Amino acid sequence: PQLLKKEASSESNTMRSLLIAFILLFFALSWWPISISVFRKFYQPMETLNPPAIIIARAQYYISIAVSSIIGSVISKRVRKLSFLYYWMIVGVISSWVPIFFVSTNEWHLFTVSILLGFAFGVGMPSCLAFFAELTRLENRGSLGGAIFLVSNLTTAILAIALLDAELTFVASIAAIWRVIGLVLFILLKPKERAKDESYYQVSLISVFRNKQFLLYFIPWFAFSLIEWFEYPLRTNLFGEDFARSAEIMGVSIGSISAVIGGVLSDRIGRKIVVLYGFVSIGIAYAALSIAPSNVLTWYFYTIIDAIAWGLFYTMFTITLWGDLSQSLEKEKYYAIGNIPFFIAGTMELVARPYVTLIRPEASFSLAAFFLFLAILPLLYAPETLPEKKIRERELR
């Protein structure tokens, strides 16, 4: 009986940890698109009057996320992790409401809001992802990450449709309330501070880049982010507004399902093979676009493959891999650096967009396919982060 009680207690604690991890990451990831809606509603009056200011503000937003995530990963070790997460969520509540207090929208107000909202998301995200990695076991991290991506993606899609014609004040209030709900649920679940060994804090930003295993995954992820961002304006011009809108809807639904399937597969056959399949498939999709850029069937083929690849990569590169590679080391810095490529690529695309659109689509898509296949080379030498023993056990089952 005592053994059964211990097993029941252990299972209960495991389920509680998974629920805490789910609540924490779900409300963080789903708040981000809502905060972007707040930002868009704020700069909408200036969009036609001062387009250069909008571009600068959007670039500042991405830079703010990248820089604040690095800062957050450094200062998080100087305070208790739970306290840091509580403060981060409170900052999110306050920053959601700040834009409605500006009577008018000018350049300085715009730049202030862009930096504030970027900081409110980025500064605590490495700690959030690190806490998620600590609460989950390596063999179920991919599945739970995929499930969180599915639920957060569909939730924000529904909210985006509902808030499409809403005023700034209403959208900002929803963003603040959403963050409050996440904070309250997190407090009610009473998460516990986890003890860390002495080696946990002995990690510097430079030492992360010295990790060969980290670089073998980081370089392909950086290449993919750059290619996707730089090709975005060309694809939009080629597809037209109507098809681009349909592609976005398809991307949300297909990508969400792909994230779940990819997460489950990564916990069974390994992370590396899932990432390899993603790179090969998106490379083939770009090759097809370069051969027949005006064919509607090719557009659908690319849209489906791109959505599948994004679902796989989001689960792997944003949530799973950096937690696996950091092991017992300081996970915050691994997550901070590992997620920077997306935001750096977004900033570079805003600057280079006028020049990118001058390139012929066929040539651009051919180059994209070539560099994506080239990005596979580091992955061939990358280690599998899921232990071989776990893969063999699940194959035997």
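This is a predicted model: local features need pLDDT of at least 70, side-chain atom pairs count only at pLDDT 80 or more; totals for chains, interfaces and linings use all residues.

Glu349 has a relative accessibility of 1% and therefore counts as buried, where buried means under 20% relative accessible area, exposed over 50%, and partly exposed in between, with a 1.4 Å probe and protein chains only. Arg353, at 28% relative accessibility, counts as partly exposed. These two residues form a salt bridge, with their closest N and O atoms 2.7 Å apart; the term requires a side-chain nitrogen of Lys or Arg within 4 Å of a carboxyl oxygen of Asp or Glu. Both lie in helix α13, residues 340-356, 4 residues apart, or about one turn of the helix. Helices here are DSSP runs of H or I with at least four residues, strands are runs of E with at least two, and both are numbered from the N terminus.

Residues are numbered from 1 along each chain as its sequence is written, and side-chain values use heavy atoms, leaving out hydrogens and water.

How many salt bridges does the structure hold? There are 11. One of them joins the side chains of Arg141 and Asp324, at 2.6 Å from N to O. Arg141 lies in helix α6 and Asp324 in helix α11 (residues 296-326), so this pair ties together parts that are 183 residues apart in sequence. Both Arg141 and Asp324 are buried. Another salt bridge links Lys333 with Glu330, at 3.1 Å from N to O. Lys333 is buried, with a relative accessible area of 3%, and Glu330 is buried as well, at 0%.

Let us return to helix α6. It covers residues 141-162, which is 22 residues, and reaches 31 Å from its first C-alpha to its last, close to the 32 Å expected; that expected span is 1.5 Å times one less than the number of residues. Among its buried residues are Leu144, Ile148, Phe149 and Leu159.

Finally, I turn to the second largest pocket. Which helix gives the most to its lining? The answer is α9, with 6 residues. Both α9 (212-266) and α14 (361-381) supply at least two lining residues each. The lining includes Phe230, Glu231, Ser364 and Phe371.

Thank you for your attention.

Note on methods:
On a 1 Å grid over the protein atoms alone, a cavity is a set of points where a 1.4 Å probe fits but cannot get out, and a pocket is an open set with protein on both sides within 12 Å along at least five of seven lines; lining residues have an atom within 4 Å of a point.
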